[in-house]
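Subject: Structure handover and findings

Hello,

Here is the structure I promised to pass on. Please open it first, then read the notes below.

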Amino acid sequence: MELAKPKIYTEEDYYSLPENIRAELIDGDLIYNQAAPSRKHQTILMELAGTIRNYIKAKAGSCHIYPAPFAVKLMEDRNTIVEPDISVICDEDKLTDRGCTGAPDWIIEIVSPGNPRHDYVLKLNLYNEAGVREYWIVDPEKESVWVYYFEESEFKAETYSFKDEIKVNIYDDLYIDFKEIEL
């Protein structure tokens, strides 16, 4: 007797989902993110996005910032579409009506308590492989920020707390001061 093969979902399956359904497509598997984010999660998201947006506008920069939900098809040859909490894209050619095709320059994920492995392991590896330049994992429960620099000749990671000011590697003069985020 032959075992049933699991269904491999495609980009079209992902884009056919109803708008009120939050999901990600990772190597053909649909992963549903059903729980609404916490107030703390949303506060961090808005503060970070606002700081980054204000910086880009003040510098008349060419990068664009998109908070979730925003579809990012990381690699052309894989059935993988993620919805990072914050995506910063500096190459306008990657932007489409559906979102972004290709690796954003900077991604920030804010860890949800129900599935931290998703951000710490699965997405870390995906983003590194796809060519994301910088990846931040913000963990509200641990009050920590993991910063990964994928552009370096060697894989580089640093850990900070919510009491630190953190340099954004893709910019020369942008620092995020987590003490200023009122939770």
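Which strands does helix H3 lie across? H3 (residues 116-130) lies across E9, E10 and E11 and runs at about 170° to E10. Helices (H or I, at least four residues) and strands (E, at least two) are DSSP runs, numbered from the N terminus. Axes are lines fitted to C-alpha atoms, for helices over the stretch in contact, and angles run from 0 to 180 degrees between N-to-C directions.

Two notes on the source. The model is predicted, so local features need pLDDT of at least 70 and side-chain atom pairs count only at pLDDT 80 or more, while totals for chains, interfaces and linings use all residues. Residues are numbered from 1 along each chain as its sequence is written, and side-chain values use heavy atoms, with hydrogens and water left out.

The sheet

Six strands make an open sheet with mixed pairing, in the order E3-E6-E9-E10-E11-E12. Two strands pair if DSSP finds at least two bridges between them. The edges are strand E3 (64-67) and strand E12 (156-161). Each has a single partner strand, so one side of each is left without a neighbour in the sheet. From one strand to the next, the twist averages 15°.

Helix H2 (residues 39-58) also packs on the sheet. H2 touches E3, strand E6 (86-89), E9 and E10, and its direction makes about 160° with that of E9. Contact means heavy atoms within 4.5 Å.

Now the pairings. E3 and E6 are antiparallel, with four bridges. Tyr66 has Ser87 in E6 as its bridge partner. E6 and E9 are antiparallel too, over three bridges. There, Ser87 stands opposite Ile107 in E9. E10 and strand E11 (residues 144-149) run antiparallel and are joined by six bridges. Tyr135 stands opposite Tyr148 in E11.

In a regular strand the side chains alternate between the two faces of the sheet. In E6, Ile86 and Val88 point one way, Ser87 and Ile89 the other, and all are buried. Buried means under 20% relative accessible area, exposed over 50%, partly exposed in between (1.4 Å probe, protein chains only).

Aromatic rings

A search of the whole structure gives 10 aromatic pairs. Rings of Phe, Tyr and Trp (its six-membered ring) pair if their centres lie within 6.5 Å; planes under 30 degrees apart count as stacked, over 60 as edge-to-face and the rest as tilted.

One of the pairs is Trp106 with Trp136, edge-to-face at 5.1 Å centre to centre and 65° between the planes. Trp106 is in strand E9 (residues 106-110) and Trp136 in strand E10 (residues 134-139), so the pair ties together parts that are 30 residues apart in sequence. Both Trp106 and Trp136 are buried.

Trp146 and Tyr148 are stacked, because their ring centres are 6.4 Å apart and their planes are at 15°. Trp146 is partly exposed, at 30% relative accessible area. Tyr148 is buried, at 7%. Tyr127, Tyr135, Trp146, Tyr148 and Phe150 form one aromatic cluster.

Charges also sit over rings, which requires NZ of Lys or CZ of Arg within 6 Å of the ring centre and within 35 degrees of the ring normal. Arg98 lies over the face of Tyr15, 3.9 Å from the ring centre. The charged end of Lys167 is over the ring of Tyr175, at 6.0 Å from its centre.

Asp105

Asp105 lies in the loop between strand E8 (99-101) and E9, and is buried at 9% relative accessibility. Its side chain makes a polar contact with the side chain of Arg133 (2.9 Å). A polar contact is a pair of N or O atoms within 3.5 Å; within protein, one must be able to donate a hydrogen and the other to accept it, and residues adjacent in sequence count only if both atoms are side-chain atoms. Leaving aside neighbours within four places in sequence, Asp105 has contacts including Val88, Cys90, Glu134 and Ile170.

Backbone points to check

- Ala68 and Pro69 are joined by a cis peptide bond, with omega about 0°.
- Pro69 is in the loop between E3 and strand E4 (72-73).
- Asp27 is not a glycine, yet has a positive phi of about 50°; Asp27 is partly exposed at 42%.
- Ala60, in the loop between H2 and E3, has a positive phi near 50° and is exposed at 70%.

Best wishes
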